[in-house]
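Trainee: Could you help me learn to read a protein–DNA model?
Mentor: Gladly; let us look at it together.

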Protein chains: 2
Amino acid sequence: MTNETTRDGAKDAATQSAVETAYHHIRHLILTGEMRSGDKLLENQLAAAIGVSRTPIREALNRLNAEGLVVLERYRRGIVADFSLDDAVEIFRLRAILEGHATSRAASRISEADLQRLQDLERLMETQFEELGWNEHLEGFDKLNAEFHAVIAAAAESPRLEKILASSLELPASIFNRYSEPVEVRTRRTHAQHREILSALKARNPEWAQAAMNAHLFSLLPTASGSLAHEDGAK
Amino acid sequence: MTNETTRDGAKDAATQSAVETAYHHIRHLILTGEMRSGDKLLENQLAAAIGVSRTPIREALNRLNAEGLVVLERYRRGIVADFSLDDAVEIFRLRAILEGHATSRAASRISEADLQRLQDLERLMETQFEELGWNEHLEGFDKLNAEFHAVIAAAAESPRLEKILASSLELPASIFNRYSEPVEVRTRRTHAQHREILSALKARNPEWAQAAMNAHLFSLLPTASGSLAHEDGAK
DNA sequence: TGAGGAATTTTTGTATACCTTTTTTCGAGA
DNA sequence: TCTCGAAAAAAGGTATACAAAAATTCCTCA
């Protein structure tokens, strides 16, 4: 899965539309921190880089704007959105409220197959963490972690809730790391919390599940002190 | 329904972009029930009707799709989204959670000017209700009511929360009426509830404000019995 | 040398043209 | 007459062309 020349950022399904290609490509640039807050998003430049015309680029930028990752104003250059500490806190508060609710619902609805999937995902995250250090570990972790949360969101069987969680409350990893505790501290606790959430879901105990998810998310609430260990390499 | 040649649906600000025009026009068609669930949204037809090219129509449809009012699939005609009873319930549940949270935050943040504005809005709704019956009353009421809730959402000072409430949890009035109690019953209670919310905000009591807003929204939770009085005129 | 501002360039907004896919039409064969 | 399927029509997806606005350049004048 870790091939190097996937020139369309994300999933490589048979024939992807141009706007999907553009959307995933640009979103990837932002979420991975390849483009940072304030960077200019020029339609022509992106079109050339991605190899489609401006039309799908514009659609993709509009979607990202609706999701809050890009700031667009009429006749003004689009820029990558800036996330202050307050923004990060706001996002995590809302995630806690909504994902807590989702987890509560999931507790009485989730299938055995999805429970198994969650267990597999968590086991994968933990073994990868043991084998590689947290350095190499990171990209893989983010993907698995995202799926862990996505499975729970889907199990809540509330399509609008799922959509909001997937598209309106994202925070670029680079920003999150800036405001969060050092990765290795955070990650160890995350594993324990994930296991607790899983236990609560298996017990089909909505209140416990909700509380465990809330604890998980509130423990990640960004702080002013931020990360003390991890400073991004480039200037 | 009153005037006949308002060719741009909503607000008529100085120079509106073509996509704004298209967006408000189509959104208005859906929310007022002029276009109903399942109706086809043909790009050419809308373009001709609104007087712009397909490009801004497509942008508008994409926005409405993201908001859940329109269903788009690749290479498939867009249609006005269908709202089942379950959808309506889901929307009100999520509104209750999020708008309750917003009201709680608003209680400790809202300005005196906004409190006054809320009082004025509520007084307007009530006097209009006395003067006109609930028949004529309706269009005006929806606008004032929407602003009442919007003022509170804004006072929460959580831009993402405000955006979600404004754009992801809408229900066309025609659908709401189908699943809700008769209008005159509902409206009388709404006035009392609005006054209670206002009192709680004035008292700057977050818990009370949140509970009052929750009571308001849960009292509107759509039911299978639905409206017994109001059946739409046309076949 | 620096500030103001007009001309140029760049960039975004919209319209149109063209291509691909879907939908419909309509005719052949059972 | 019904069904299947190919041809035609219609509709959406993308590229390009042109218009409007903003950003930049560069000249003028203090």
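We will go through strands, a helix pair and the DNA surface in turn.

Mentor: First, some ground rules: this is a predicted model, in which local features need pLDDT of at least 70, side-chain atom pairs count only at pLDDT 80 or more, and totals for chains, interfaces and linings use all residues. Residues are numbered from 1 along each chain as its sequence is written, chains are lettered from A and ligands numbered from 1 in the order in which they are written, and side-chain values use heavy atoms, with hydrogens and water left out.

Trainee: Which strands pair with β3(A), and in what sense?
Mentor: Strands are DSSP runs (E, at least two residues), and helices are too (H or I, at least four), numbered from the N terminus. Two strands pair if DSSP finds at least two bridges between them. Here β1 (residues 40–41) and β3 (residues 76–80) of chain A pair in the antiparallel sense over two bridges; Leu41(A) has Gly78(A) as its bridge partner. On β2 (residues 70–73) of chain A, the antiparallel pairing with β3(A) has three bridges, and Glu73(A) stands opposite Arg76(A). β2(A) and β3(A) form a hairpin with two residues between them, and Tyr75(A) in the turn has a positive phi of about 60°.

Trainee: How do I describe two packed helices?
Mentor: By the angle between their axes and the distance between the axes. Axes are lines fitted to C-alpha atoms, for helices over the stretch in contact, and angles run from 0 to 180 degrees between N-to-C directions. Helix α7 (residues 159–167) of chain A packs on helix α4 (residues 85–107) of chain B at about 50°, with axes 9 Å apart. The two are therefore oblique to each other (under 35 degrees is roughly parallel, over 145 roughly antiparallel, 65 to 115 roughly perpendicular, and the rest oblique).

Trainee: Which residues surround DNA strand C?
Mentor: A residue is near a strand if one of its heavy atoms lies within 4 Å of it. There are 21 around DNA strand C, and the closest are Arg54(A), Arg58(A), Ala18(B), Ser53(B) and Thr55(B). Sugar and phosphate account for 69% of the DNA strand C atoms that come within 4 Å of the protein. The largest share of this surface, three residues, comes from α3(B).

Trainee: Where does the hairpin turn residue Tyr75(A) come in?
Mentor: A backbone N or O atom of Tyr75(A) lies 3.2 Å from a phosphate oxygen of DNA strand C.

Notes: Polar contact = N/O pair within 3.5 Å; in protein donor to acceptor, adjacent residues only side chain to side chain.
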